[in-house]
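Please look at the sequence and the three-dimensional structure shown here before reading on.

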Amino acid sequence: MRTRTLTLSAAACSALLATATLPAGAFGAANPRSAQEGSVSAAALLAKVTSCSQISSGKYRTDEETSATVPVCGKNGAVFWKADMDIDCDGQVTAKCNGNTDPWFQDDTAFHQSNGRALRADSLPYVVVPSTSSIWKYTSSGIKGGGVVAVIYNGKVEYAVVGDTGPTQIIGEASYATASALGIDPDPETGGTDSGVTYILFKNAQVSPIESHSAAVSLGDSLAKQFLQNN
């Protein structure tokens, strides 16, 4: 997992100061689910991504200190990569995700709920895609905010949405809730896993509203079945 640089943005600093004075209602209990989700097995999905037809112009690092070894690969109806999982706790301030629990916390996400608020990392499974660069432009591959992702780890499948963007040269990050549901330590500072995570992002699909996890599971299961048929 990535050792992130200890440089807080202005937003993170303000969030750190604000945490101590939050009203009680700002905190809420999260109830991450236990994967497997849907009817398509992890083994069936993994059998379709054993080889890579690289669509990215280059490769990504999994951490700031590692070499670039991870390509974005193309399949019929999807793109995928195999990487680590760093923990993204950005978005709404909660008891689990705030400036005290996460030194790199920012109180916003690239994509927002239907009411305009940032996503909630401790209860919504979401995945981070690299920001657009010369390596890869995710929108050119039919990937958009709210898109559906099958995240596979240790024989389990968790459906998530594309919820945030990250560094231009690093790949392999998902929300607190995604990690928790897959049995990965979700601590934003010390958690995550160094390898073994497969991310399958379905093209031209979008969950509405983005914050509905049940909608993501329903759509994701349908798209996963199509993926098996078309590859």
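## Disulfides

A disulfide is taken here as a pair of cysteine sulfur atoms within 2.5 Å. The model is a predicted one, in which local features need pLDDT of at least 70 and side-chain atom pairs count only at pLDDT 80 or more, while totals for chains, interfaces and linings use all residues. Residues are numbered from 1 along each chain as its sequence is written, and side-chain values use heavy atoms, with hydrogens and water left out.

A search of the whole structure finds two disulfides, and with bonded cysteines counted along the chain they follow the pattern 1-2, 3-4. One of them joins Cys 52 to Cys 73, with 2.0 Å from S to S, and its -100 degrees about the S-S bond make the link left-handed. Cys 52 lies in the loop between H2 and S1, whereas Cys 73 lies in strand S1, so this pair ties together parts that are 21 residues apart in sequence. Helices (H or I, at least four residues) and strands (E, at least two) are DSSP runs, numbered from the N terminus. Burial is judged by relative accessible area, where buried means under 20%, exposed over 50% and partly exposed in between (1.4 Å probe, protein chains only). At 41% relative accessibility Cys 52 counts as partly exposed, but Cys 73, at 3%, counts as buried.

The other disulfide joins Cys 89 to Cys 97, with 1.9 Å from S to S, and both of these cysteines are buried. The torsion about their S-S bond is about -70 degrees, so this disulfide is left-handed.

## Helix H4

Helix H4 covers residues 213–230, which is 18 residues, and from its first C-alpha to its last it reaches 25 Å, close to the 26 Å expected at 1.5 Å a residue. That expected span is 1.5 Å times one less than the number of residues in the helix.

Several residues of H4 are buried, among them His 213, Ala 216, Val 217, Gly 220, Leu 223, Ala 224 and Phe 227. An α-helix has 3.6 residues a turn, so residues three or four places apart point the same way. What covers the buried residues of H4 includes helix H2 (42–46) and the strands S1 (73–75), S2 (78–88), S4 (148–153), S5 (156–166) and S7 (193–202).

## Aromatic pairs

Rings of Phe, Tyr and Trp (its six-membered ring) pair if their centres lie within 6.5 Å, and planes under 30 degrees apart count as stacked, over 60 as edge-to-face and the rest as tilted. By this rule the count comes to three aromatic pairs. The rings of Trp 81 and Trp 136 have centres 5.8 Å apart and planes at 75 degrees, so they form an edge-to-face pair. This pair links distant parts of the chain, since Trp 81 is in strand S2 and Trp 136 in the loop between strand S3 (126–130) and S4, 55 residues apart. Trp 81 counts as buried at 1% relative accessibility, and Trp 136 counts as buried at 4%.

The rings of Phe 202 and Phe 227, with centres 6.1 Å apart and planes at 75 degrees, also make an edge-to-face pair. Phe 202 lies in strand S7 and Phe 227 in helix H4, so the pair ties together parts that are 25 residues apart in sequence.

## A loop residue

Gln 36 lies in the loop between helix H1 (10–19) and H2, and at 33% relative accessibility Gln 36 counts as partly exposed. Contact means heavy atoms within 4.5 Å. Leaving aside neighbours within four places in sequence, Gln 36 is in contact with Ser 41, Ala 42, Gly 155, Lys 156 and Val 157.
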